[in-house]
Amino acid sequence: MGLTRRLSRIVSLLALALSGAVLSGCGQSLKQTPFDPAGPVARAQLDLLKLSLWFAIGIGAFVTLALLFVVFRFREKKGDTSIPKQIHGSTKLEIAWTFIPIVILAIVGVPTVSTAFSTKAPKDPNALVVKVVGHQWWWEFQYPDLGIVTANELYIPAHKDVQILLTSDDVIHSFWVPKLAGKMDVIPGRTNKMWFNAEREEMYYGQCAELCGPSHANMRLRVHAVSQTNFDSWVAERKAGAKEPADSVARAGMDLFMGKSPSKANCITCHTVDGTKAQGKTGPNLTNIGSRSSLAAGIVENTDEYLRQWIRDPKSLKPGVTIMPMHPNLTDEELNAIVTYLRGLK
Ligand code: CUA
């Protein structure tokens with residue numbers, strides 16, 4: 001078998017393996033992918049990505065093939081000491097490889113600039129405003145026009161423009177919900193703006209996309225895009241505040257939560273439960289903790305077991321966490337009571 005033939009066989013095998021690897025990622029329902037856009041911003045950004053990707057693939061393939069062709073066509077042959085034709089200073093070539101990149105850059109550049117402008121601000125002047133505050137390592141969501149604060153799981157109405165105002169309480173984070181929009185930095189002392197419109201009523205996954213400390217990878221979030229009716233009733237429930245628990249175990253848990261035995265637990269110094277005396281602001285607002293699907297900023301599902309583990313030893317779930325203390329002095333019974341109280345906050 002000739003060398004050229006062997007080489008072309010290797011190249012086609014590599015191409016086959018690569019396309020297999022790429023395509024196998026497409027069929028799956030991935031939680032966090034920009035290739036399944038669910039709104040106008042993510043879609044416009046994906047279109048742009050595809051456009052530049054095709055050019056990049058074309059250029060990459062052309063350069064690779066040209067290189068391989070030259071390497072093999074002009075390789076040194078036995079007994080042949082002649083030098084191939086030298087083309088240094090070819091005006092035609094110089095013009096060609098100046099002009100072609102200009103055309104390609106223009107084709108990619110014009111839609112890039114127009115997309116940057118079209119995705120800058122929501123069209124709807126009555127967009128829902130949500131202020132997102134990044135913390136090490138959780139997300140605070142404030143609805144300034146509704147007077148509601150929640151954490152880690154963002155509720156929005158589907159099919160409505162949402163204006164996101166981003167700022168940070170400590171270090172630089174990055175807010176990223178790939179199916180809704182590209183990432184945007186979350187910087188202390190300034191407000192960055194982005195927006196999206198969720199076209200499907202579903203739960204979207206997101207996460208911090210800027211290295212922000214030991215638990216950067218554990219700074220996740222979920223976005224629940226629900227019907228306007230469901231959103232309105234969610235808002236009404238939030239505004240009504242937490243209900244007093246009827247159950248005696250939950251009541252005992254509430255007392256501990258509110259700092260009845262401060263040496264065991266004193267949750268109200270950091271956490272707010274709307275409608276109670278718990279008004280701490282350092283940690284996440286827990287008013288509807290029982291109805292959230294996840295705990296500790298989206299890293300585990302919301303179960304009694306995980307909530308117990310989180311209260312007892314938060315570091316075991318989220319390395320590096322310092323603000324949420326351990327609770328070694330709680331008896332199992334007391335811990336269960338607090339868990340019962342929190343899980344009942346719907
Ligand atoms: Cu916050 Cu990474």
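**Stop 1: helix H5**

Select helix H5 and helix H7 (332-343): the buried residues of H5 pack against H7. Helices here are DSSP runs of H or I with at least four residues, strands are E runs of at least two, and both are numbered from the N terminus. Buried means under 20% relative accessible area, exposed over 50%, and partly exposed in between, with a 1.4 Å probe and protein chains only; contact means heavy atoms within 4.5 Å.

Before moving on, some ground rules: this is a predicted model, where local features need pLDDT of at least 70 and side-chain atom pairs count only at pLDDT 80 or more, while totals for chains, interfaces and linings use all residues. Residues are numbered from 1 along each chain as its sequence is written, and side-chain values use heavy atoms, leaving out hydrogens and water.

Now highlight Ala250, Gly253, Met254, Leu256 and Phe257, the buried residues of H5 (residues 248-257). Look down the axis of H5: these buried residues fall within an arc of 160° (taken from the directions from the helix axis to the C-beta atoms), so they line one face of the helix.

At the N-terminal end of H5, Asp247 is the cap, with a side-chain oxygen 3.2 Å from the backbone nitrogen of Val249. Just after H5, click Gly259, which has a positive phi of about 95°.

**Stop 2: where the domains meet**

Colour domain 1 (128-236) and domain 2 (248-343) separately; these bounds come from an automatic or database domain assignment. Their C-alpha centres are 22 Å apart. On the domain 1 side, 18 residues are in contact with 19 residues of domain 2. Together the two domains bury about 1500 Å², 45% of it on carbon and sulfur atoms. That area is the accessible area (1.4 Å probe) the two parts lose on being put together, summed over both.

How many salt bridges cross the interface of domain 1 and domain 2? The rule finds one, the rule being a side-chain nitrogen of Lys or Arg within 4 Å of a carboxyl oxygen of Asp or Glu. Select Glu301 and Arg222 to see a salt bridge whose closest N and O atoms are 2.7 Å apart. Strands E3 (148-151), E4 (153-157) and E10 (220-226) each supply at least two residues of the side of domain 1 that touches domain 2. E10 gives the most to that side, with four residues.

**Stop 3: His224**

Stay on strand E10 and pick His224. With a relative accessible area of 12%, His224 is buried. The His224 side chain makes a polar contact with the side chain of Glu153 at 2.7 Å. A polar contact is a pair of N or O atoms within 3.5 Å; within protein, one must be able to donate a hydrogen and the other to accept it, and residues adjacent in sequence count only if both atoms are side-chain atoms. Beyond its neighbours within four places in sequence, His224 is in contact with residues including Tyr155, Met203 and Ser293.

**Stop 4**

Most residues other than glycine have a negative phi, and most peptide bonds are trans.

- Gln136 and Trp137 are joined by a cis peptide bond, omega about -5°; Trp137 is in the loop between E1 (128-135) and E2 (138-143).
- His159 has a positive phi of about 60° and is exposed, at 52% relative accessible area.
- Ala297 has a positive phi near 65° and is buried, at 1% relative accessible area.
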